[in-house]
Amino acid sequence: MEKLKPRRLGHLVLMVRDIQKSVQFYTEVLGLEVSDWIGENMVFLRAGEDHHDLALAQLSADSPDLNDLPRYSRPGLEHFSYLIDSLEEMERSVRVLQAHGIEIVRGIGRHGPGNNLFLVFKDPDGNNVEVYCDMTQIPQDGTHQAEVWERNLESFDQYRLERFVVPPPPHLVASKTGGDKGS
């Protein structure tokens, strides 16, 4: 049976309790640079030229699981990703995942910040794994100006869910279209 063909580990997205404190840690201690923000709830950080290798997403202060581990409504990993070569490889990945009976969670889509294509699926333990391609590259010459994106459907998926190969989860749609202010 066919396999996916990742080139390298790409980026991580972490859910955090205090995004400002976390940004301060990752920039002032670890030395990462801010690439862009989505409102005040998500930040994209980089160590090299990829638009991001770490993204942080703010948990809601009233999250019932703020101090619990490990679910989406708590601090910790939201997904990790692997770089693949192209949209064609991503489309092939959909077929491979379906042939293996793997649950696809979201995608194919194109994020606003980073402009990368994405496809997210579950591993056997329920972790979100993403394959992505075509991420914006940012020169290390100090000329990049971080942008603040509005938190909406277009910043999440520039295709507006039209290329998704599975129906998007209702909570995702609500959080990107204003139906759920807490996510």
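A residue is called buried here when its relative accessible area is under 20%, exposed when it is over 50%, and partly exposed in between, using a 1.4 Å probe and protein chains only. Keep that handy, as it comes up a lot. The model is predicted, so to speak of a local feature takes a pLDDT of at least 70 and side-chain atom pairs count only at pLDDT 80 or more, while totals for chains, interfaces and linings use all residues. Residues are numbered from 1 along each chain as its sequence is written, and side-chain values use heavy atoms, with hydrogens and water left out.

Let's start with the sheet. Nine strands make up an open, mixed sheet, in the order S6-S7-S8-S5-S1-S4-S3-S2-S9. At its edges sit strand S6 (104–110) and strand S9 (147–149), each pairing on one side only. From one strand to the next, the twist averages 20°. Strands and helices are DSSP runs numbered from the N terminus, of at least two residues (E) for a strand and at least four (H or I) for a helix. Two strands pair if DSSP finds at least two bridges between them.

Now zoom in on S8. Strand S7 (residues 117–122) and strand S8 (residues 128–133) run antiparallel and are joined by six bridges. Across that pairing, Lys122 stands opposite Asn128, and Phe118 stands opposite Tyr132. Strand S5 (residues 76–83) also pairs with S8, this time parallel and through four bridges; here Tyr82 has Val131 as its bridge partner.

How many residues of S8 are buried? Six of the six are, so S8 is largely enclosed by the rest of the structure. In a regular strand the side chains alternate between the two faces of the sheet. In S8, Asn128, Glu130 and Tyr132 are buried on one side, and Val129, Val131 and Cys133 are buried on the other.

Next comes helix H2, which lies across S6, S7 and S8 and runs at about 15° to S7. In soluble globular proteins, nonpolar side chains tend to be buried together.

Leaving aside its neighbours within four places in sequence, Leu119 is in contact (heavy atoms within 4.5 Å) with residues including Met90, Val94, Leu97, Ile108, Val131 and Val165.

The side chain of Arg92 makes a polar contact with the side chain of Glu2 at 2.7 Å. A polar contact is a pair of N or O atoms within 3.5 Å; within protein, one must be able to donate a hydrogen and the other to accept it, and residues adjacent in sequence count only if both atoms are side-chain atoms. A polar atom of the Arg92 side chain also lies 2.7 Å from the backbone oxygen of Lys3.

On to the aromatics. Rings of Phe, Tyr and Trp (its six-membered ring) pair if their centres lie within 6.5 Å; planes under 30 degrees apart count as stacked, over 60 as edge-to-face and the rest as tilted. The structure holds five such pairs. One of them is tilted: Phe118 and Phe156, 5.5 Å centre to centre with 55° between the planes. Phe118 sits in strand S7 and Phe156 in helix H3 (residues 153–156), 38 residues apart. Phe118 and Phe164 are edge-to-face, because their centres are 6.1 Å apart and their planes at 85°. Phe118, Phe156 and Phe164 form one aromatic cluster.

Most residues other than glycine have a negative phi, and most peptide bonds are trans. The peptide bond from Gly107 to Ile108 is cis, with omega near 10°, and Ile108 belongs to strand S6. Asn115, in the loop between S6 and S7, has a positive phi of about 55°. Its relative accessible area is 31%, so Asn115 is partly exposed. Arg160, in the loop between H3 and H4, has a phi near 60°.

Notes: Axes fitted to C-alpha atoms, helices over the stretch in contact; angles between N-to-C directions.
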